[in-house]
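Hi everyone, thanks for coming. Let's have the sequence and the structure up on the screen, and then I'll walk you through a few parts of it.

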Amino acid sequence: LALPKKSIPPKYFYEEPGCGLFEAICELPEYSLTRTEPGILRERAAESARFVGPECQLIEFGSGSQTKTRILIEAMQPPLYAPVDIAEDTLRASSAEMAKAFPWLNIVGLCADYTRPLAMPEFAGVPIRRKAVFFPGSTIGNFTPGEALVFLEHARKVAGAGGALLIGVDLKKDKAVLDAAYDDARGVTARFNLNLLHRINRELGADFQVNRFRHKGFYDPDRSRIEMHLESLYSQFVHIAGRRIDFAYRETIHTEISCKYSIAEFQELGERAGFRPEKVWTDPAQLFSVHGMVAS
């Protein structure tokens with residue numbers, strides 16, 4: 001917030017209230033990708049299981065509520081599932097529910113920032129032929145293309161040579177559809193965005209007056225990305241950990257991007273990161289894609 005262009009990384013959305021708000025976003029009629037992606041996974045479950053192969057270690061980055069993962073686990077029957085998430089309470093609760101649903105499944109959760117180098121634990125006595133990284137929800141869009149390349153290189157190292165990547169990628173579509181998805185009529189996305197300021201107040205002793213900011217979410221077709229901001233409605237200042245931060249009228253805090261790709265663009269990005277594109281599955285309306293790639 002002390003930078004000339006203020007920003008907060010989107011990973012800080014996801015403490016307990018934020019995770020709940022995101023789950024509410026996923027149920028919104030405007031936010032179609034969370035219904036489209038599970039539909040693709042259900043329709044292509046058997047094919048994705050054949051692509052990954054038997055006795056895989058399924059590693060999920062940003063596991064959240066793990067609802068989509070259940071589709072894969074039912075189809076793949078992996079001996080080991082390793083969810084990685086930054087929100088510890090959500091990770092524990094979701095993994096406990098997963099253990100009830102699949103009592104035969106070995107589950108080892110890792111509370112960590114999956115954008116940083118990870119030391120994934122090794123397991124003796126569990127038959128693993130291949131590692132498969134699962135990254136659903138088009139979360140890859142939260143990175144710039146340059147950041148996405150670095151992340152995919154990191155995922156390739158985690159998967160190892162010959163390992164698999166299953167990744168959800170939102171496709172380019174009409175601006176009006178995307179604008180509505182990120183600035184919904186019920187204001188749930190606005191509450192999700194503004195919750196960042198509540199969190200700073202709670203955890204850092206700040207004095208944001210949250211009603212003095214508003215949510216802005218819009219699609220920039222020239223950059224093929226959604227941008228989310230928190231806009232100051234007044235010329236004002238706040239204190240955070242004893243430091244004064246000034247805001248000009250209409251100055252914004254940039255909180256998130258969500259890049260959209262064509263299928264060819266994302267396959268080319270995967271190739272640059274050291275993956276070989278092998279599969280791509282989409283819905284009939286071509287709104288969303290799930291890519292299957294193999295690490296070189």
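Helices (H or I, at least four residues) and strands (E, at least two) are DSSP runs, numbered from the N terminus. Please keep in mind that this is a predicted model, where local features need pLDDT of at least 70, side-chain atom pairs count only at pLDDT 80 or more, and totals for chains, interfaces and linings use all residues. Residues are numbered from 1 along each chain as its sequence is written, and side-chain values use heavy atoms, with hydrogens and water left out.

So, the sheet. It is open, with 3 strands in the order S7-S8-S11 and antiparallel pairing. At the edges sit S7 (213-220) and S11 (252-259), each pairing on one side only. On average, neighbouring strands here are turned by 15° against each other, direction ignored. (Axes are lines fitted to C-alpha atoms, for helices over the stretch in contact, and angles run from 0 to 180 degrees between N-to-C directions.)

Strand S8, residues 225-232, pairs with S11 in the antiparallel sense over 7 bridges. For Ile226, the bridge partner in S11 is Ser258.

Helix H7 (residues 175-182) lies across S7, S8 and S11, running at about 155° to S7. Helix H8 (residues 188-204) packs on the sheet too, touching S7, S8 and S11, and its direction makes about 55° with that of S8.

Lastly, a loop: Pro284 is found between strand S12 (275-282) and strand S13 (288-295).

Conventions
Pairing = 2+ DSSP bridges. Contact = heavy atoms within 4.5 Å.
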